[in-house]
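Here's a quick briefing for anyone meeting this structure for the first time.

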Amino acid sequence: VVSASADGTAKLWDAFSGECLQTFDGHEDEVHSAVFSPDGQRVLTGSGDGAAKLWDVASGECLHTLELESVILSAAFSPDGQQVVMTSTSWVAKLWDANSGKHMRTL
């Protein structure tokens, strides 16, 4: 299980024991959204600092930082895990390549 937190982190939890297995720390404001990739290998977080981050679940390393420059309200992976989309308080959604971290389009 992954959770988002007001302390600027997301945490990976063992659902059976309740033990924290990993802390994804790198945002400068509240984390509003935290979701797993379809294969469970990455976590996508979105924050009030205007950034989304792609994390490696096993190592906790930040793979990419995706800048939106406004508060991110939600974040999601495409069903195949190849793209991510974020919505923000600027009334736009942005689509990114999940592997390269490159911006693809603004919706």
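Four strands, in the order E4-E5-E6-E7, make up an open sheet with antiparallel pairing. Another open sheet is built from three strands, in the order E1-E2-E3, again with antiparallel pairing. Keep in mind that this is a predicted model, where local features need pLDDT of at least 70, side-chain atom pairs count only at pLDDT 80 or more, and totals for chains, interfaces and linings use all residues. Residues are numbered from 1 along each chain as its sequence is written, and side-chain values use heavy atoms, with hydrogens and water left out.

**How strands are defined here**

- Strands are DSSP runs (E, at least two residues), numbered from the N terminus.
- Two of them count as paired if DSSP finds at least two bridges between them.

- At the edges sit strand E4 (31-36) and strand E7 (62-67), and each pairs on one side only.
- On average, neighbouring strands of this sheet are turned by 15° against each other, direction ignored; the axes behind such angles are lines fitted to C-alpha atoms, and angles run from 0 to 180 degrees between N-to-C directions.
- Strand E6 (residues 51-56) and E7 run antiparallel and are joined by five bridges.
- Within that pair, Leu 54 stands opposite His 64 in E7.

- E1 and strand E2 (residues 9-13) run antiparallel, with three bridges joining them.
- Across that pairing, Val 2 faces Leu 12 in E2, the two standing opposite each other.
- Five bridges link E2 and E3 in the antiparallel sense, and Thr 9 stands opposite Asp 25 in E3.
- E2 and E3 also form a hairpin with six residues between them, and Gly 18 in the turn has a positive phi of about 80°.

**The cysteines**

- How many disulfides are there? The count comes to zero, taking a disulfide as a pair of cysteine sulfur atoms within 2.5 Å.
- Cys 20 is in no disulfide, and the nearest cysteine sulfur, that of Cys 62, is 17 Å away.
- Cys 62 is likewise in no disulfide.
- Cys 20 is partly exposed, with a relative accessible area of 30%; buried means under 20%, exposed over 50%, and partly exposed in between (1.4 Å probe, protein chains only).
- Cys 62 also counts as partly exposed, at 27% relative accessibility.
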